[in-house]
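Thanks for asking me to look this over. Below are my notes as numbered points, to be read with the model open beside them.

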Amino acid sequence: FQAEDGIRDLVRSRGLGDVYKRQDLISADCGMLYLYDTNKQEFYFDRENIIHVGLRNELILKDKPRPTGMAQYIRQQGLIVVNDVAQDQDLPPNFRGNFLEREGIKSFVGVAVRTAEEITRGEVGVLYLNFRNPHRFTDDEKNVIRVFANLVASVVRSAWLLERTQLIAEQQNTLREIAGTLNTELDREAVAGRILDELKKVVDYRMASIQRILGDNRVHLDGRGFKSDEIPDWALKPISEDRLIKQIVREKEALILSDLSKIRDDVHWEHHAETAHVQSWACVPLIYGDEVIGLLTLDHDQPGYYQPTHKEILDLYGLQAAIAIKNAELVATLRRQVEGREMLNRIGIELSGLFDEKAIMDRVADITAVTLSCSHCTFFRVENGQLVTRSSFGNRDWSFLLERTVPIGAGVAGWVVEHKEPALVLDSRVDSRFEPGWSKPQADPLSLLDVPINVGGEVYGVISIEDDCLLYTSDAADEEDSVDLGGRRI
């Protein structure tokens, strides 16, 4: 091809310079190479991925290869030869477009450019050699064109491999930097925010969120692109009730829904008004050891934005994120254990000087509410086969009516007495043990921890630690220390 300097530089940047320097290869007036995106199953249409030489006019948007257009037809046929556009009766009418008239093209040959390498899945693109006069292609010219197409495929393959190698190297360097950054944070919520911020350096998104998995439940840690208090209930429903999330947790692999307008019926994506803007979506399980401890989700409003090629880097990033979150939780647990033991020592000393049972109950409930900064703390005592509210303190201006009773086995406190073990309710809205309406006329707590007080092998009472916010982890309270607190109280 006879190429202008600007076009030659573009071609050379794509690794095709040496190919196009061969002016004596074939005497076409102009040529075009449409590269094919194997992930999106369509041709690229941008200045970097359409290589052309010898055109009289700039490409315009409507020149983009159509799903049923000539380029797709060439992909299916492998090679087509049109000696005379005006006379060739085998050329379908819809293939005679404005582009041929605008460029004055009278004959052309189109050849599918393919390679057997897995990195390109065999597809490279479609090559056009165009003539502005009718041209009868000889068998020798057709053979030369086939060889030329193979050479182009080989060169493009090399360029793509080089780009992929460079990209992987850059991503690995970024991951190493991010790993060091994430592990400098000690607060889990701060870690979650940093994970989302650093994610932008690896993969872009419009909205993203991190959820912590606790049994069958999910808890929102942090998000970007939306307000955390606007999360709908369906977005955090139990994993067993969400078939898509259940699949991701079971398979322990990132899932990418590249184009939500083209997903199969067997993909359990749920359509909601809040996600109407989402065109491409990815979800990464956060795996620590062999356990999925959370989920990282990200979405984009551009169809096809997330591709299978993103999976590897997202899985690696998910491992870094899981380690950072778990490390922050372990540090918080150690800190909480130290603070808890200090609190128990103070409470033990103070309670040892009290001899009135009601005064002891009041002091335990009061100290627990203040020390743990919970919304409310209630002390239940087992009397005559039922639980009786004997003391109640909170950080608000109201308290429960004393003497209110709960049947054994009813509600969370009744469940604790019946099973003689603590009960952690991460979300009272979905936990079947919680009976709504207990706090009337005030709102029900969103989370609570009820711990039995055991005396001589029998349950003497229950301490209920209640909060208006959702608890994040099962480490929210040290259950052994809580039971020990009851022992000290007696």
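**Notes on the predicted model**

1. The largest nonpolar core has 28 residues, and those with the most contacts inside it are Ile-210, Leu-286, Leu-296, Leu-298, Leu-314 and Ile-325. Two or more residues each come from helix H6 (188-199), strand S7 (207-214), strand S10 (280-288), strand S11 (291-300) and helix H8 (311-351). H8 gives the most, with eight residues. A nonpolar core here is a set of buried Ala, Val, Leu, Ile, Met, Phe, Trp, Tyr and Cys residues joined through side-chain atoms within 4.5 Å. Buried means under 20% relative accessible area, exposed over 50%, and partly exposed in between (1.4 Å probe, protein chains only). Helices (H or I, at least four residues) and strands (E, at least two) are DSSP runs, numbered from the N terminus.

2. A word on the ground rules: this is a predicted model, where local features need pLDDT of at least 70 and side-chain atom pairs count only at pLDDT 80 or more, while totals for chains, interfaces and linings use all residues. Residues are numbered from 1 along each chain as its sequence is written, and side-chain values use heavy atoms, with hydrogens and water left out.

3. What does Ile-210 touch, leaving aside its neighbours within four places in sequence? Its contacts (heavy atoms within 4.5 Å) include Ala-192, Ile-195 and Leu-196, as well as Leu-286, Leu-295, Leu-296 and Ile-325.

4. Five aromatic pairs turn up in a search of the whole structure. Tyr-34 and Tyr-128 make an edge-to-face pair, 6.0 Å centre to centre with 85° between the planes. Rings of Phe, Tyr and Trp (its six-membered ring) pair if their centres lie within 6.5 Å; planes under 30 degrees apart count as stacked, over 60 as edge-to-face and the rest as tilted. This pair links distant parts of the chain, 94 residues apart: Tyr-34 is in strand S1 (residues 30-37) and Tyr-128 in strand S6 (residues 123-131). Both tyrosines, Tyr-34 and Tyr-128, are buried, and together with Phe-108 they form one aromatic cluster.

5. Two strands pair if DSSP finds at least two bridges between them.

6. Within this sheet, six bridges join strand S12 (residues 376-383) to strand S17 (residues 458-467), with Arg-381 opposite Gly-461 in S17. Eight bridges join S12 to S13, where Thr-378 stands opposite Ser-392. S12 and S13 form a hairpin with two residues between them, and Asn-384 in the turn has a positive phi of about 55°. Three bridges join S13 to S14, and Leu-387 has Val-406 in S14 as its bridge partner.
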